[in-house]
Amino acid sequence: MRASTRTVPSERVAVALRVLGVASLVGVVATVWLGLFVTPPDEFMGNLVRLLYVHPPMAWVAFLAYGVASLASLLYLWPRTRSERFDRLAGASGEVGVVFTGLTLVSGSIWGRPTWGVWWVWDPLLTTTALLFVLYLGYLALRRVPGEFHVRARRSAIGALIAFIDVPIVYLSVEWWRSLHQAPTVLNPTTHKTYVHGSMAWTLLLGFVSFTLVYTWLVAHRYRLAELQDAQDTEGLEIALAERRAEAVGR
Amino acid sequence: MLRDAVLVAGKDLRIEIRSRVGLNQIGPFALAVLLLFGLALGPDRRVLAPASAGLFWVAVLLSTILGVQRSYAIESVDGARDGLRLSGLDPAGIFLGKAGAVVVQLLVLETALAVGVALLYGARLSGALVLIGTCVLGTFGLAAVGTLYGVVASGLRIRETLLPLLFLPVVSPVLLAATKAWDEALAGTPGRAGGWLDVLAVFAVLYVATGIVAFGPLLEDG
């Protein structure tokens, strides 16, 4: 299968991407402004509660990204829907997912230190997230192994599904392991005795929306980059072939 | 499919019996790991004995990586891999055969390691049925994932570094469930291990099934 040679996105796609980029930027800036200056500090957690507006949205984007990567891998493996596009989408989404998993772990740790007194607890959600991080780092390493396009794509897609099957087993077994421990607190702000209401709820919602926009924007650009890379590889091969032919003729 | 599996497993095991790489290298490696854990945690048996289930399974996980690498190293010489591809054997059968051979070797190794943790860490091996059941179910899961990732990595130049990175995070539930099941058995409450055995069984079934489906395309590509 040859890489697509469509390298320049149509005018409409370029405009749409730019609009998306501006919208994500505005969304993130608004979230930061609302989160830091407009919303009130929490009764129990004080200013720490402001992490609520970025941490859960980051975690959501990470899980969304892995979901999209797995779906795209499945669509690539399915013969009737097999297309280079799904391989690139899986790769782009997986990469963005790993970045956001890293951010989730870091922001969670920063939140955990003053709240729980430690940087890390072996909570099911945290442990699963950390394992997901290494699981998908492995997936990215597998993707980076050079090879013919469809060989690499099929290998990566199977790798992504092997990882995906693992996620519920990891989560359930870790949860069971820690069953005596407190319930997952990260996505459930009510257990912090934090009442999300009014401006807080709106800011949290805006956080989710704008981080999702950022995700879409990053994936779109990463996808385009992959497309350009494939096109460049094909072009390089064609140039090399042409040179070789010219050599043979010149002799 | 099963006939092919028996053929492939028989071939792999015959090679191992004749070459003795497993006996001469993987066994001693596992023993070295046990000794190193002993050094890391100190000589106090009150520390070592409660940790022995976890240390046992970490040693098994690390040995599985070597076992899987060995299982594909024997296919890499003299075009053996092409021979396997052209043999007309069912790819699912090849997968089951290679995984089966790894299971047999790992079970032998686990027996030796169990004696090792009893002697070195002072673990009291009780609840034999749970211990054995955990070993069998856990090893099937480990061998299935290992064989599946082994064929992915085997044709690549970076296989030595890629395989552990892919393998270890995926089998983390096996480490967890097998360790807990052993903990219960060693603590004298094997009846409470049931749920963990279920986790191991589900894991093994899922990955054996994945291997049966996915092995063919991966073997062709490599």
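Predicted model: local features only at pLDDT ≥ 70, side-chain atom pairs only at ≥ 80, totals over all residues.
**Entry 1: the chain A–chain B interface**

I began with the contact between the two chains. I found 25 residues of chain A in contact with 26 residues of chain B. The buried area between them comes to about 2,200 Å², and carbon and sulfur atoms give 79% of that area.

I then looked for charged and polar pairs across the interface. The salt bridge count between chain A and chain B is zero. Two residue pairs are in polar contact, both at pLDDT 80 or more.

Next I asked which elements of chain A supply its side of the contact. Helix 4 (124–143) and helix 5 (149–177) each give at least two residues. Helix 5 of chain A gives the most, with 16 residues. I sorted the side of chain A that touches chain B by class and got 18 nonpolar, four polar and three charged residues.

**Entry 2: nonpolar cores**

The largest nonpolar core has 89 residues. Phe56(B) and Trp182(B) touch the most other members of this core. Helix 6 of chain B (residues 128–154) gives the most to this core, with 12 residues. Another core lies apart from it and has 12 residues, including Met58(A), Val214(A), Tyr215(A) and Tyr223(A).

I listed the contacts of Phe56(B), leaving out residues up to four places away in sequence. Phe56(B) touches Glu110(B), Leu113(B), Ala114(B), Val117(B), Cys135(B) and Trp182(B).

**Entry 3: salt bridges**

A search of the whole structure gave me 15 salt bridges over all chains.

Arg143(A) pairs with Asp87(A), with the closest N and O atoms 3.3 Å apart. Arg143(A) is in helix 4 and Asp87(A) in helix 3 (residues 84–116) of chain A, so the pair links distant parts of the chain, 56 residues apart. I count both as buried because the cut-off is under 20%.

Arg222(A) forms a salt bridge with Glu95(A), and here the closest N and O atoms are 2.6 Å apart. This pair links helix 6 (residues 198–250) with helix 3 of chain A, 127 residues apart. Arg222(A) is partly exposed at 23% relative accessibility, and Glu95(A) is partly exposed at 26%.

In chain B, the side chains of Asp12(B) and Lys11(B) meet in a salt bridge at 2.9 Å, N to O. Asp12(B) is buried at 2% relative accessibility, whereas Lys11(B) is partly exposed at 25%. I also recorded a network in which salt bridges with shared partners join Glu84(A), Arg88(A), Glu227(A) and Asp230(A).

**Entry 4: single residues**

Is Arg50(A) buried or exposed? Arg50(A) is buried, with a relative accessible area of 16%. It sits in the loop between helix 1 (11–38) and helix 2 (55–77) of chain A. Neighbours within four places in sequence aside, Arg50(A) is in contact with Gly35(A), Leu36(A), Thr39(A), Pro40(A) and Pro41(A).

I checked Arg20(B) for its phi, which is near 60°, a positive value in a residue other than glycine. Most residues other than glycine have a negative phi. Arg20(B) is in the loop between helix 1 (2–19) and helix 2 (21–41) of chain B, and is partly exposed at 47% relative accessibility.

Last, Val151(A) lies in helix 5 of chain A and is buried at 11% relative accessibility.

Note on methods:
Residues numbered from 1 in each chain as written. Chains lettered and ligands numbered in written order. Heavy atoms only, no water. Core = buried A, V, L, I, M, F, W, Y, C linked by side-chain atoms within 4.5 Å. Buried < 20%, exposed > 50% of the residue type's maximum accessible area, 1.4 Å probe, protein only. Helix = DSSP H or I, 4+ residues; strand = E, 2+ residues; numbered from the N terminus. Contact = heavy atoms within 4.5 Å. Buried area = accessible area lost by both parts, 1.4 Å probe. Salt bridge = Lys/Arg side-chain N within 4 Å of Asp/Glu carboxyl O. Polar contact = N/O pair within 3.5 Å; in protein donor to acceptor, adjacent residues only side chain to side chain. Nonpolar A, V, L, I, M, F, W, Y, C, P; charged D, E, K, R; others polar.
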